[in-house]
Amino acid sequence: MRLRNKVALITGAAKGIGFATAKRFAEEGAKVMLADLNEAAVMDAVGQLKHAEPYVLDVTDRASIQRAVDDIIAKHHRIDILINNAGITQDARLVKMTEVQFDAVIDVNLKGVFNCTQLVVPHMLEAKKGAIVNASSVVGIYGNFGQTNYSATKFGVIGFTKTWAREFGQKGIRVNAVCPGFIATEMVKAMPENILQSIEQRSWMARLGTPEEMANVYLFLASDEASYVNGVTIEASGGISL
Ligand code: NAD
């Protein structure tokens, strides 16, 4: 068991990569706190796992995060692992992108990571240990057509990761990021079929990744096996950028 008795808070955990990560962490002995905006989906997700608890929260709403953190601390006395996974897309070319689309993606993907980390980290500082893993993307390394807002947030998440790795490394808290390529979840299935096919052709592995493959990367970075890994971004994309 690689996460025996660790308390892990995972945002956006009702579906996709977040749910696969919660499932994998539970298999490795963690107590998993599944946090999501979608109440029905998070209740359903928790019902499929052992040692899992649901938290309905919005990463853009600090009061809802604070309530969840307070409840977890009251019940479990610590948060060992924070997975900042919640994210959305609202794609459009720059000339067509509305300010509403721009702000919505910045609020969830960038400010949401700031909000959750700022509210969880005091408890990790008190415990003098912790592991934080942030969801970036290959788009946060290379940019992407039609994703001005999304790619800015994913570049920003790498900036957070490297900054917090410096701020908290000496305090026993490691901060790292995962940069998935194109993974078969609802977020990617929403893309047009012809674009998906061209992505599969461009990937050196000729297929999309799976949420379970991403969960294994989160598992490594969250576990004590990565005890000297701090401030890195692991690209898990089947080599799409080669
Ligand atoms: P998904 O759409 O399948 O699931 C995202 C979950 O986040 C949903 O359950 C949703 O309800 C929740 N969520 C959305 N807004 C929220 C909010 N404000 N507060 C709380 N929860 C919220 O997404 P996914 O494909 O599993 O992606 C997960 C993360 O990985 C995202 O940050 C995404 O940007 C990143 N990522 C995904 C891919 C991919 O190909 N799927 C690639 C690179 C990076």
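Helices α3 and α4 are roughly parallel to each other, a description applied to angles under 35 degrees. This is a predicted model, in which local features need pLDDT of at least 70 and side-chain atom pairs count only at pLDDT 80 or more, while totals for chains, interfaces and linings use all residues. Residues are numbered from 1 along each chain as its sequence is written, and side-chain values rest on heavy atoms, with hydrogens and water left out.

Helix α3 covers residues 62–76 and helix α4 residues 99–127; they pack at an angle of about 30°, and their axes lie 10 Å apart. Helices here are DSSP runs (H or I, at least four residues), numbered from the N terminus. Axes are lines fitted to C-alpha atoms over the stretch in contact, and angles run from 0 to 180 degrees between N-to-C directions.

From α3, Arg62, Ile65, Gln66, Val69 and Ile73 make the contact, and they meet Phe114, Asn115, Cys116, Gln118, Leu119, Val120 and His123 of α4. Contact means heavy atoms within 4.5 Å. By class, seven of these residues are nonpolar, four are polar and one is charged; Cys, Val, Leu, Ile and Phe are among the types counted as nonpolar, and Arg is among the charged ones.

Cys116, a member of this contact, is buried because its relative accessibility is 2%, where buried means under 20% relative accessible area with a 1.4 Å probe, protein chains only. Cys179 is likewise buried, at 0% relative accessibility. The sulfur of Cys179 has its closest cysteine sulfur in Cys116, 19 Å away, and is therefore too far for a bond. A disulfide requires a pair of cysteine sulfur atoms within 2.5 Å, and the count by this rule is zero disulfides.

Note on methods: Helices (H or I, at least four residues) and strands (E, at least two) are DSSP runs, numbered from the N terminus. Angles under 35 degrees count as roughly parallel, over 145 as roughly antiparallel, 65 to 115 as roughly perpendicular and the rest as oblique. Buried means under 20% relative accessible area, exposed over 50%, partly exposed in between (1.4 Å probe, protein chains only).
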